[in-house]
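Please look at the sequence and the structure before reading on.

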Amino acid sequence: MLDLRLEYEYMKEDIDAAIQKCLEHQRWILGPEVAELEERMADYLGVKYCIGCSSGTDALVLSLRALAIKHKNQEYWDRDDLIITTPFTFTATGDAILRAGATPLFVDINLNTYNIDPERINEALKTPLAKRVVGILPVHLYGKCCEIGEIIDLANKHDLFIVEDVAQAFGGTWNGKKLGSIGSSGCFSFFPSKNLGGYGDGGMVSTNDDESAEIIKMLLMHGGKNKYDVKHIGYNSRLDTLQAAILLVKIKYLDEFNKKRVEIAKIYNESFQGLEDVAIPSIMLGSDEGLGHVFHQYTLRLIGFERDTFQKHLINEGIATMVYYGIPLHSMEIFQQLAVLEKNNTRLINTDIASDSVISLPIEPLQDISTTNMIVETICNFLE
Ligand SMILES: *Cc1c(COP(=O)(O)O)cnc(C)c1O
């Protein structure tokens, strides 16, 4: 669905030069590019620390474990500790909670935003489970800021931490603040298809908290300031020098590319708003409501129309689409065993509806206008 060669061609000279520089200095582990990128990103996000790591998944695990060490003075959370999150996300969001020792408590999404519904969080915090809840892990899905203002109020009221999953929303904003600078920490992914993608796996944690930053730096290097004499159960989870070098080039284009994504999304929205069979995403761009959207995905919801039929028709016309996510976390075997779900699942109804009916269209920043127009015409001709 995404032709990453277009982006490489667009910045080829800079990328080649950055890689060449690494070949010359040969400092592959925590070379100078890693520190430079961390500084650059901390500056961009407006936070005190950015810490590179090996994936977005690890960024989540490191953040959650650092909070367990900080708050409980133990290596992992206890299984009785609940972290509220959305079941409509990539597997890693829920998996990271389990890997940090805690238990996900899934609450439903808002069907207009696909993000966790603060009203449902509020309801969950009125049940007897509330006294076990230690934190909230909201996701800015598809690049759209979640309703973080309401979530902050709830977190303050119940004394909970917030860890933001910003894997899909690098560059997104809320009330003029960059996403990932709002919670206790923000977790980013540089998976190649993300808004800021490397040429392999990579991730980053952002935080303003001195203690968390110090612990995370230890955890990702075997668990100690000195890897030959460690304090915690650590990982080998460093960000590669080579990835940092590539990302230092690509970050220069981030805002421009996010803008291009929004332009494509606007064309899609204007073209599809009259169609009865689809719900279009709401665009709010750092405006009154402050909910900035950077369109990692442009996702439609089909209403009363078979998704398979729609997807097959587009494939026949040469248009690739994707479904994020066809199986919600609460339906996966591991979470059925280990997460806390409402027994009859009626309370996760919006997530089930979304899983059955969403479809994401191509939104490559460098896709030319004729491609966008072709996609629009194909869809309008089919659905009108
Ligand atoms: C991609 C993604 C992750 C995980 O990032 P990786 O770098 O692939 O480990 C976590 N959460 C969400 C919402 C994602 O989209």
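**Overall fold**

The protein chain has 14 helices and 12 strands; helices (H or I, at least four residues) and strands (E, at least two) are DSSP runs, numbered from the N terminus. Its radius of gyration, taken over C-alpha atoms, is 21 Å, close to the 21 Å that the globule rule gives for 384 residues, so the chain is as compact as a globular protein of that length. That rule is 2.2 Å times the number of residues to the power 0.38. This is a predicted model, in which local features need pLDDT of at least 70, side-chain atom pairs count only at pLDDT 80 or more, and totals for chains, interfaces and linings use all residues. Residues are numbered from 1 along each chain as its sequence is written, and side-chain values use heavy atoms, without hydrogens and water.

**Burial and contacts**

- Of the 384 residues, 56% count as buried (under 20% relative accessible area, 1.4 Å probe, protein chains only).
- Residues 24 or more positions apart account for 70% of the contacts (heavy atoms within 4.5 Å) with a separation of 6 or more.

**Nonpolar cores**

- A nonpolar core is a set of buried Ala, Val, Leu, Ile, Met, Phe, Trp, Tyr and Cys residues joined through side-chain atoms within 4.5 Å.
- The largest has 45 residues, of which Met-41, Ile-84, Ile-121 and Phe-170 touch the most other members.
- Helix α3 gives the most to this core, with 6 residues.
- Another core, of 29 residues, lies apart from it and includes Ile-51 and Tyr-235.

Conventions
Buried means under 20% relative accessible area, exposed over 50%, partly exposed in between (1.4 Å probe, protein chains only).
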